[in-house]
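Please keep the sequence and the model in view while working through the numbered points.

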Amino acid sequence: MTDFLPHPNADGLVKLSGTIRNLKVARDTASFVFTESDQSKMGVIAIAAALADMGGQAMSTASNAGAMEEEADYLEFDLDGKPVKGWVWRNPFREGDVVEVAAKNADDHWEAYGVARPNDRTVALYPHCSRGARSHMANSIKWWMKGGAGFLLFIQIPIFLFIFGPKLFQYKELYFSITGLMLFFALMAWSLTRKWMPFVRLAEKVFRALDLPDPSNIDLVKSSKAQRTEQDPGEFGTFYFRY
């Protein structure tokens with residue numbers, strides 16, 4: 001495991017520009033999100049993330065449901081003489097690329113939290129970073145509506161119809177069950193929203209450092225889907241993006 005693991009609440013990010021030289025990419029593991037107390041909840045979070053259109057989070061969480069660590073790429077390169085290091089979920093960059101980097105001075109190097117290639121608007125960020133605050137909240141509300149309504153429509157209501165038949169509406173239990181389920185999904189959505197907020201805040205700092213307009217409303221998952229081409233690999237739009 002790489003020794004230096006930055007915290008996803010970094011302040012003071014600045015934009016560096018230049019050409020990547022001496023690029024080294026190490027596929028490694030680190031604990032980016034979950035604390036020990038969260039380990040038992042990882043399976044539920046994986047399902048919730050999938051419903052919330054967080055494919056990368058869901059796949060990564062599900063594949064590591066029995067562990068505390070996730071895979072990501074640790075980058076090391078020189079940017080016009082400046083040593084740069086940092087985690088991104090997947091590296092799409094190559095030697096000689098002209099890039100912009102949102103980074104923080106770490107004494108002996110610059111710690112990168114986001115790397116963008118302006119010529120094709122490709123960007124890779126610290127794991128779990130993809131949306132600004134408003135986009136994150138809107139996505140959570142969408143998940144709550146979609147998840148709660150879907151569960152009721154395809155699971156809960158058919159069960160009640162099967163059990164109670166024509167007398168269904170005489171049972172007050174139905175009302176309390178529906179209310180309870182909607183409350184459950186609301187609490188899960190709120191919990192998931194809060195869990196991802198450190199990464200949402202970091203994403204906004206990266207967006208601001210890279211001079212991207214309206215950071216709070218940026219949704220890299222959505223923008224990448226809209227710009228996807230047949231040549232883009234499967235990990236595009238999940239682990240790295242187009243802005």
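What share of the contacts in the chain with a separation of 6 or more is accounted for by residues 24 or more positions apart? The figure is 74%, where contact means heavy atoms within 4.5 Å.

1. Basis of the note. This is a predicted model, in which local features need pLDDT of at least 70 and side-chain atom pairs count only at pLDDT 80 or more, while totals for chains, interfaces and linings use all residues. Residues are numbered from 1 along each chain as its sequence is written, and side-chain values use heavy atoms, with hydrogens and water left out.

2. Overall composition. The chain contains six helices and seven strands; helices (H or I, at least four residues) and strands (E, at least two) are DSSP runs, numbered from the N terminus. Along the sequence their order is β-α-α-β-β-β-β-β-α-α-α-α-β. Of the 243 residues, 49% count as buried. Here buried means under 20% relative accessible area, exposed over 50%, and partly exposed in between, with a 1.4 Å probe and protein chains only. The accessible surface of the chain is about 12400 Å², and carbon and sulfur atoms hold 59% of that surface; accessible areas come from the Shrake-Rupley method with a 1.4 Å probe, and for residues only the protein chains shown count as cover.

3. Strand pairing. Strand 1 (residues 14-30) runs antiparallel to strand 2, and nine bridges join them. Two strands pair if DSSP finds at least two bridges between them. Within this pairing, Arg-27 has Asp-73 as its bridge partner, and Thr-29 stands opposite Glu-71. Strand 1 also pairs with strand 4 in the antiparallel sense, over six bridges. Strand 2 in turn pairs with strand 3 (residues 82-88), again antiparallel, over seven bridges. In strand 3, Val-88 is the bridge partner of Asp-73. Strand 2 is mostly covered, with seven of its ten residues buried.

4. Thr-19 as an example. Which residue of strand 4 is the bridge partner of Thr-19? The partner is Val-98. Thr-19 belongs to strand 1 and is buried, with a relative accessible area of 18%. Leaving out residues up to four places away in sequence, Thr-19 touches Asp-78, Leu-79, Asp-80, Gly-96, Asp-97 and Val-98.

5. The nonpolar cores. A nonpolar core is a set of buried Ala, Val, Leu, Ile, Met, Phe, Trp, Tyr and Cys residues joined through side-chain atoms within 4.5 Å. The largest one has 29 residues, and those with the most contacts inside it are Val-123, Leu-125, Tyr-126, Val-206 and Leu-220. At least two residues each come from strand 2 (70-79), strand 5 (110-117), strand 6 (122-125), helix 5 (197-209) and helix 6 (220-227). Helix 5 supplies the largest share, six residues. A second, separate core of 17 residues includes Ile-20, Leu-79, Val-88 and Tyr-240.

6. The buried residues of helix 6 are Leu-220, Val-221 and Ser-224. They lie on the same side of the helix because they cover an arc of only 100° around the axis, the arc being that of the directions from the helix axis to the C-beta atoms. These buried residues pack against strand 6, helix 5 and strand 7 (241-242). Beyond its neighbours within four places in sequence, Leu-220 is in contact with Val-123, Leu-125, Ser-130, Phe-207, Phe-241, Arg-242 and Tyr-243. On the other side of helix 6, Lys-222, Lys-225 and Ala-226 are exposed; for Ala-226 the relative accessible area is 68%. At the start of helix 6, a side-chain oxygen of Asp-219 comes within 3.1 Å of the backbone nitrogen of Val-221.

7. Backbone angles to inspect. Most residues other than glycine have a negative phi. Asn-22, in strand 1, is not a glycine and yet has a positive phi of about 55°. Asp-107 has a positive phi near 70°. Asp-107 is found in the loop between strand 4 (98-105) and strand 5, and is exposed, with a relative accessible area of 80%. In the hairpin of strand 2 and strand 3, which has two residues between the strands, Asp-80 takes a positive phi near 50°.

Terms used. Polar contact = N/O pair within 3.5 Å; in protein donor to acceptor, adjacent residues only side chain to side chain.
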